[in-house]
Amino acid sequence: MSSNNNCISKLTTYEEILGKNVLIYVYAKSDNLVKNQLENLNFFCKHYNLNCIGTYIDSSGSNNFENKTNLKKLINENSNINVLIYGTNKLSRDMFGLFEIQKLSNLKNINYYDFKSHQFVFDKYFLELHQIANKIMERSDEKLQRKLDVLYIEPNKLPVKKTINNTLEDKQKLVNGRIEYTYLQNCDDVAIVCNEESKILGLPFNRDIGHDIIAGNFFIVGDDPELGEDRSLTQDQIDKYTKYFGKESIEKTNKAINEILVNSLNDYDM
């Protein structure tokens with residue numbers, strides 16, 4: 001199993017290039033994009049007589065390696081295998097994230113084959129490293145979104161606009177712990193970032209979002225599901241979600257919590 005492009009040019013089948021058994025890795029921030037990638041990659045395997053022995057999916061969080069639980073799991077659980085992906089940017093859009101993935105994967109002899117470019121990721125990546133580094137340096141602060149405008153929401157308080165650094169550290173500070181992404185039903189333009197362990201830690205309930213009641217502090221951030229990036233909220237979004245999580249939301253949440261408490265007491269009395 002080689003990741004050398006000079007060798008690949010002499011081979012005739014994908015089974016020879018990739019081996020009979022492969023893994024699939026998918027990253028996307030929406031179910032539709034996950035489904036699209038899986039359909040294409042599984043069709044590729046079936047068409048070229050490859051045996052997919054495992055699928056790993058990360059479908060929440062920003063497109064940073066530090067947030068990709070299942071990509072880390074893939075690397076920890078496997079060795080001597082090729083992995084099909086749907087574009088290099090599904091591993092990471094960050095140069096240093098790719099460095100980290102390559103370093104860890106190289107120790108386990110795990111290679112990533114890009115379905116879209118039909119090349120091994122790190123062969124192509126390192127050949128173009130200088131160009132990529134220059135492009136990154138040339139990108140503006142606005143495109144990099146080094147700063148994020150978010151709406152910060154505490155229990156029984158109205159939303160407050162805050163500007164934070166687009167770093168894991170700043171996001172963890174706002175929620176007082178490890179971050180987790182969740183979403184409002186029928187709202188695909190923003191994400192909710194909350195404390196992953198809020199209910200285990202017994203943090204106070206904050207807002208009822210229909211399919212769940214979030215506990216602890218959280219914030220609303222703009223969402224780009226295609227790129228897997230957090231974005232600053234626009235002014236329209238700030239206005240919309242300030243109202244959405246306003247006084248009526250607080251009253252609705254407190255009512256829902258009271259109903260839960262009453263039902264719990266009734267169950268206890270029975």
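**Entry 1: a pair in a helix**

In which helix do Glu-169 and Lys-173 both lie, and how many residues apart are they? I found both in helix 9 (residues 168-175), four residues apart, which is about one turn of the helix. Helices here are DSSP runs of H or I with at least four residues, strands are runs of E with at least two, and both are numbered from the N terminus. The side chains of Glu-169 and Lys-173 meet in a salt bridge, with 3.8 Å from N to O. I took a salt bridge to be a side-chain nitrogen of Lys or Arg within 4 Å of a carboxyl oxygen of Asp or Glu. Lys-173 counts as exposed, at 55% relative accessibility. Buried means under 20% relative accessible area, exposed means over 50%, and partly exposed lies in between (1.4 Å probe, protein chains only).

**Entry 2: basis of the entries**

I note that this is a predicted model, in which local features need pLDDT of at least 70, side-chain atom pairs count only at pLDDT 80 or more, and totals for chains, interfaces and linings use all residues. Residues are numbered from 1 along each chain as its sequence is written, and side-chain values use heavy atoms, with hydrogens and water left out.

**Entry 3: the whole chain**

I recorded 11 helices and 13 strands. The chain has 270 residues, of which 41% count as buried. I then looked up contacts (heavy atoms within 4.5 Å). Among those between residues at least 6 apart in sequence, 65% join residues at least 24 apart.

**Entry 4: salt bridges**

How many salt bridges does the count come to? The count comes to nine. One joins the side chains of Asp-223 and Lys-29, at 2.6 Å from N to O. This pair links distant parts of the chain, 194 residues apart. Asp-223 is in strand 12 (residues 218-224), while Lys-29 is in the loop between strand 1 (21-27) and helix 3 (31-47). Are these two residues buried or exposed? Asp-223 counts as buried at 11% relative accessibility, and Lys-29 is buried at 6%. I also noted that Lys-29, Lys-171, Asp-223 and Asp-230 are linked in a network of salt bridges.

Another salt bridge is that of Glu-154 and Lys-157, whose side chains meet at 3.8 Å, N to O. Glu-154 is partly exposed at 26% relative accessibility, and Lys-157 is partly exposed at 45%.

**Entry 5: aromatic rings**

My search of the whole structure gave 11 aromatic pairs. Rings of Phe, Tyr and Trp (its six-membered ring) pair if their centres lie within 6.5 Å; planes under 30 degrees apart count as stacked, over 60 as edge-to-face and the rest as tilted. Phe-44 and Tyr-48 form a tilted pair, 5.0 Å centre to centre with 55 degrees between the planes. Phe-44 is buried at 4% relative accessible area, whereas Tyr-48 is partly exposed at 36%.

Tyr-86 and Phe-115 form a stacked pair, 5.3 Å centre to centre with 20 degrees between the planes. The two residues are 29 residues apart. Tyr-86 lies in the loop between strand 3 (81-85) and helix 5 (95-107), and Phe-115 in the loop between strand 4 (110-114) and strand 5 (119-120). Tyr-86 is buried, with a relative accessible area of 17%, and Phe-115 counts as buried at 17%. Ring pairs link Tyr-14, Phe-44, Tyr-48, Tyr-86, Tyr-113, Phe-115 and Phe-120 into a cluster.

**Entry 6: charges over rings**

I applied this rule: NZ of Lys or CZ of Arg must be within 6 Å of the ring centre and within 35 degrees of the ring normal. The charged end of Lys-68 sits over the ring of Tyr-27, 4.2 Å from its centre. Lys-72 lies over the face of Phe-65, 5.6 Å from the ring centre.
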